[in-house]
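Please read them with the structure open.

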Amino acid sequence: GISKSFSSLDHSQTDDPIPRTPKYCAPEVWERGMYGRAADIFSLGCVFTEMLTTLAGEDLDEFAEFRSQGVEGKGAFRESMGRVTAISLTKFSARI
């Protein structure tokens, strides 16, 4: 598997190539750079944002279309961080 043992809690970076999910992976993982816990938090935030979208009564397909507007990719969160942040703070916060 890809699990690792982190005997030291203050250091958990790696540069080993790992399988990745393009939609959720952090920019540094996508670019195959050094990454650590922050990349995991980024991916978890993507999932939470989709959960928030559903809780707010919005359609996930429409949210994916919104994320893909004006970017070259297919709506990966790393490509549309500014758009996701803006809609999360304005549209969704009022509904939940």
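1. L44 is found in helix α2, where helices (H or I, at least four residues) and strands (E, at least two) are DSSP runs, numbered from the N terminus. With a relative accessible area of 40%, L44 is partly exposed; buried means under 20% relative accessible area, exposed over 50%, and partly exposed in between (1.4 Å probe, protein chains only). The C-alpha atoms of L44 and C25 are separated by 9.4 Å, and these two residues are 19 residues apart along the chain.

2. On the basis of the numbers: this is a predicted model, in which local features need pLDDT of at least 70, side-chain atom pairs count only at pLDDT 80 or more, and totals for chains, interfaces and linings use all residues. Residues are numbered from 1 along each chain as its sequence is written, and side-chain values use heavy atoms, with hydrogens and water left out.

3. The overall make-up is four helices and zero strands, and the elements run α-α-α-α from the N terminus on. Of the 96 residues in the protein, 27% are buried.

4. L44 also belongs to a nonpolar surface patch, formed by I41, L44, V47, F48 and M51, which together have about 460 Å² of accessible area. Patches are made of residues with over 30% relative accessible area and no salt bridge; nonpolar side chains (Val, Leu, Ile, Met, Phe, Trp, Tyr) are joined within 5 Å, and like charges within 9 Å. Accessible areas come from the Shrake-Rupley method with a 1.4 Å probe, and for residues only the protein chains shown count as cover. M51 sits in helix α2, which spans residues 37-55, and counts as partly exposed at 45% relative accessibility.

5. Which residue pairs with E50 in a salt bridge? The partner is K23, with an N to O distance of 2.7 Å between the side chains. E50 lies in helix α2 and K23 in the segment before α1 (27-30), so the pair ties together parts that are 27 residues apart in sequence. A salt bridge here is a side-chain nitrogen of Lys or Arg within 4 Å of a carboxyl oxygen of Asp or Glu, and by this rule the count comes to one. Side chains of opposite charge can pair when their charged atoms come close.

6. Is E50 buried or exposed? E50 counts as buried, at 11% relative accessibility, whereas K23 is partly exposed at 32%. The side chain of E50 also makes a polar contact of 2.7 Å with that of Y24. A polar contact is a pair of N or O atoms within 3.5 Å; within protein, one must be able to donate a hydrogen and the other to accept it, and residues adjacent in sequence count only if both atoms are side-chain atoms.

7. D59, D61, E62 and E65 form a negative surface patch. Asp and Glu count as negative and Lys and Arg as positive, while His and the chain ends are not counted; the place of a charge is taken as NZ of Lys, CZ of Arg, CG of Asp or CD of Glu. E65 lies in helix α3 and counts as exposed at 52% relative accessibility. At the start of α3, a side-chain oxygen of D59 comes within 3.0 Å of the backbone nitrogen of D61. G70 follows α3 and has a positive phi, near 80 degrees.

8. S80 is placed in the loop between α3 (60-68) and α4 (81-92). S80 is buried, with a relative accessible area of 2%. A polar atom of the S80 side chain lies 3.4 Å from the backbone oxygen of A76.
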